Amino acid sequence: MTGWVGTFALAAAFCSALACFAVWSSAAVRAEATTQAPRWLCLLPVLGAAGTVGAAEQALLSHDFSVRFVAENGSLSTPAYYTVTSLWAAHDGSLLLWVLILTAYLAVLGWRPPAGDRSLHAWAVTALSAVAAFFAGLGLFTGHVFDRVQPAPTNGPGPNPLLADHPAMGVHPPLLYAGLLGTAVLFSYAVAALVTGRADRRWARVVRPWALWTWSVLTTGIVMGAWWSYAVLGWGGYWAWDPVENAALLPWLLTTALLHAGMVQRRSGALPAWNLSLAVGAFLLAGFGVLLTRSGLSVSVHTFAASGVGVPLLAFLAAVLAGVVALGLMRSGGLGRARGGVGPLLSRTSAILANNVLLVVLTVTVLVGTLFPVLADAVNGTQVSVGPSYFNTVSVPVIALLLALMGIGPYLRWRGESAGSVAHRALLPIVAGASVVVCLAVVAPTGRAALVTFGLAGFVVAGIVRDVVRRPSGPRIAAMGVHVGFVLLLVGVAGSSAYAVAGEGTVTPGHPHRVAGVDVAVSGVTRGRTAGDTVTRADLVLRRGDHSVRLTPGLRYSPGHDMTVAVPAVASRPGGDLYVTLLSADKNGSVTVRVARNPLVGWIWAGGAVMALSGLWSLLLLLRLRRRGTARQHAPTRPMPPPVAVTPKVATRAMEP
Amino acid sequence: MVMTRRVWIPVLAVLAVLAAVVALVLTRQPTPPLSTRVDRVAKTLRCPACNGESVAASDTPIARSMRSEITLQLRKGRSPDQVRQWFVARYGADIVTTPSTRGPELLLWALPAGVLLAGGLVLLVRSRGHRPHVQDSTDLARPRALDGRRVLAAAVVCAAAGAAVPAAVALPGRVGSHAGSSAPTTATADRLGPADWVRLGRSLDRRGDQPGAEHAYRQALALAPHSAAARTRLAFDLLRRGHLSSVERLVRPVTGPPGRYRPLALLVLGLAQRGRGEPFVATLHRFLQLAPDHPAAPQVRRLLRSR
Amino acid sequence: MTLGRRLLRPFSLTIGLVVAAGLVVGLGIALGARGGEAAGRAMLGAPAPALRGTTVTGVDYRLHPARGHLTLVNIWAAWCAPCRDEIPLLARAAADYRTRGVRVVTIDTRDGPVAARALLSDAHAQDLVAVKDPDGRLAVAWGATGVPETVVVDGHGIVRARRLGVVSRGWLDSQVRRWS
């Protein structure tokens, strides 16, 4: 019964998304129509998706093993929280979550009255409902969630133990999907701009809240994923330039570029085609990420097992690309741009463009590096690995350049200024950055790349502090908060890779052993059972200097999946982490452990949090400003101000000397 | 005084930059401990038996052996590049995760540099053509909207083309049927395959759900009547529950040809024969010969000795 | 729009299209042509590494590959179930090949000597040479990616073939015929 309900709800979501597309597209085609398409139609798909997710969860929670997804992923011994999250622990169920979030965006986009242009909004809803229809159809026709299993087994193997280990499982995938799907909204607006030709300042205004939301959520998702693989999964590092990690990073890079270039477009309407390409590119890369994770193209610890979704998804991405190119060609008259070039070299516009160039270089690097092994194998049969060493080598100089830009860009005048005045403003930050380099070179010498990073970080922070102290304003602080968060994150990354010490060793009871500069003593090994899994824990006391801490790393064996998972133990302090993984424990109590001292790792998570929160705060301030702005516009008595978009950047400019 | 401030801040800045440059040039990183150096080399090598993990990140036995090997070689004084070459000679060029600078892999290094140069050039060129920019947008020619019907037609054509491709691929053979090394929970058909039923049965066995396990094995057997795994495990289950009559029929074909399940099949057959009063010693001896370290072997030896 | 700009737009569009199309085609091929065989082409044609150590029975052993004998090197462990099935086959092959001058040497990797000796004696394979490799470095030196793995070294000490997984007597015979 649950199976029927689930399939029916998913079919309803698919059909209503198609209906939404049909109705809204016909409304959009009638360009001068005063009546709008029915908004309630956009609510139907999300109701269908909620129904199908609800049916799947109900089957999981009631342990209905006649439903195929439950037979493959459910278990009587999994706790309720992880039973709920097991919906997105495997490909078929996670596609349902994906459809739910996508149709939720469709509902929000379609239900809220259009902020500006009606026909832009109508075409955006049309495009988004087409995307939603595709993914709902993908779930309906290639998904096996609700297939019947006859006869029904009495129990199942449970979800992958790696994914039933930590409460973050309930938060990270939905956040990541919400971020990736936000690019679908940006894409829809880009398509709408191509069709209506309205790619001017107002487009940038309308898109900015969505871009801010997408960016903030995606930042949270990515940093949380890094934290999870470090603190919980015991993979030792937080970022391995794994194909799946890169797949989430690529749309993030382009969304960041869009946020910056959008500022130029909001001011002067320039760069319309570039911003549209960024929006479309971000969506295509997000789709490409889905392809990579689920089609078996890439080999990674992260990927889902290969499913049948690869070819339809590739065809979809190719069709979207072809469609956008066709639209671009149809738009042979161009999208109009402000007269005059980009601006002199020492202007904020140029700085933003340089930022975009650097972000695109990073995107190309990560994309080519991720795809190269796959393509080389397919075309030539050659086996090549492209790993962290390549990505680190290429990205470090680019990120250093980005940091340097971050230190001067936000304070340049839009219209350009002389080198002298820039230098004058940058003197104090330069002194700050240089002194950081000198101090660290004396006190804690390390590799040149790390020293340069720390110096640039000092340079940027000093510039931000100086600017915020002179001109405190809510939106400005929020925007600079993002930069501060990014700097914190980079300092954490540089510090943990430059100063980290790691080592392996075997410790026998009663004989403390020095591993990675830390004295490790084992006082016992306990074996127990939790929720059907066997857990072996080593009771360790680690001493370094006069600090001592007790940690219990473990090994967890899941019979259902015949899989052993390492459960690391981490002692975190603001200055750094002590990270212990249990490699093996034998019968007489001696253990082999891997100990790592990772300084400044906590700054990475703090930096990520500051970035995401500042982004969300920016969004809130923006929405509040807009609401006040529309309220003021509706107050009839005062003469209307000139129709220039009221944005935080304009407000800041107004306060410039 | 303002004048002196105008003078000494730039002077201070220049001095500070000079000091920083000197510090960067002269800084000598202390040699990191051996374990960190091993870690750094291990990060550049791929674990050959894992899903794309590096040797530093993987906990598999082979990765640990490789780390021991790296430790020994570094201790002997070899350079990281020499160590990497040693591994390349044994595992092929793809054991190293940094692409070389020759051949098509040059693209990996050339492309980022090329894009950076191109982007920088475009930026320079366009900033040259700058004219005082116009703030008001009213004199921009407003681009016309496209004909909506044409747009929809183009969209439908693209969608149809996109839909035709997977249909064309799926028709001749089943899409998505590939022998993956990490076997997906099912490959093609609408139902679980025999291997999945066996796996399900085993996990149910471990949990003690014997009726459920028997169901699962019977399903596997229905789908693959010659599956040694399904036959042996079902027979084992039946043996434990005392249904000895069908055990011999199930398990005898597995005891002949060599295979993974032959020892277990012999054990099951021998115990069933013993339960029915038939000669079983030869069978159990063959079991011990093939699997002397089986967890049940000590009991079987005791059983045979007590006769 | 200047002539340059008018020409540039379709040009850059074309370049972008070609690149994107190439990517799509490449990905399509990659999707279809998946599931390559296990790697293991390394070391073929290269001189075999040294094999030196103590056997599980405590005897010092040193393999001299280039002494004119074809050598079959098998890497196994007692905790590996398929390896246990393979040991009797290897022992029989070793006995049969001795008259032909073909040597069979094994490496017992990441194992305890007690379990290894027990396995060998129960399989009546006490004569099989099994060099101890407790930390697995010998297996790594021979380029092993898993157990069991068999490497064929010809009479000149060059690695000629390797196979991951349980070997059959037929495969062994064919390799001996080919490289003798």
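At roughly what angle do the axes of helix 10 and helix 11 of chain A cross? This is a predicted model, in which local features need pLDDT of at least 70 and side-chain atom pairs count only at pLDDT 80 or more, while totals for chains, interfaces and linings use all residues. Residues are numbered from 1 along each chain as its sequence is written, and chains are lettered from A and ligands numbered from 1 in the order in which they are written.

The axes of helix 10 (residues 272–294) and helix 11 (residues 310–330) of chain A cross at roughly 170° and come within 9 Å; axes are lines fitted to C-alpha atoms, for helices over the stretch in contact, and angles run from 0 to 180 degrees between N-to-C directions. Helices (H or I, at least four residues) and strands (E, at least two) are DSSP runs, numbered from the N terminus. The crossing makes helix 10 of chain A roughly antiparallel to helix 11 of chain A, a label for angles over 145 degrees. Among the residues that make this contact are A:Leu284 and A:Phe288 of helix 10 and A:Leu317 and A:Leu321 of helix 11, where two residues are in contact if their C-beta atoms, placed from the backbone, lie within 7 Å.

Chain A also holds an open sheet of 4 strands in the order 1-10-9-8, with antiparallel pairing. Strands of a sheet pair through backbone hydrogen bonds, either parallel or antiparallel, and two strands are counted as paired if DSSP finds at least two bridges between them. Strand 1 (501–507) and strand 8 (569–573) of chain A stand at the edges with a single partner strand each, so one side of each is left without a neighbour in the sheet. Strand 9 (residues 576–585) and strand 10 (residues 591–599) of chain A pair in the antiparallel sense over 9 bridges, and A:Leu582 has A:Val593 in strand 10 as its bridge partner.

Chain B, by contrast, has 13 helices and 0 strands. Of its 307 residues, 35% count as buried, that is, 20 or more other C-beta atoms lie within 10 Å of the residue's own, with C-beta atoms placed from the backbone. Helix 3 (residues 61–75) of chain B has 15 residues and reaches 21 Å from its first C-alpha to its last. The buried residues of helix 3 of chain B, including B:Ile62, B:Met66 and B:Ile70, pack against strand 1 and strand 9 of chain A, helix 2 (34–43) and helix 4 (80–91) of chain B, and helix 4 (137–141) of chain C.

Note on methods: Angles under 35 degrees count as roughly parallel, over 145 as roughly antiparallel, 65 to 115 as roughly perpendicular and the rest as oblique. A residue is buried if 20 or more other C-beta atoms lie within 10 Å of its own, exposed if 12 or fewer, and partly exposed in between; C-beta atoms are placed from the backbone. The expected span of a helix is 1.5 Å times one less than its number of residues.
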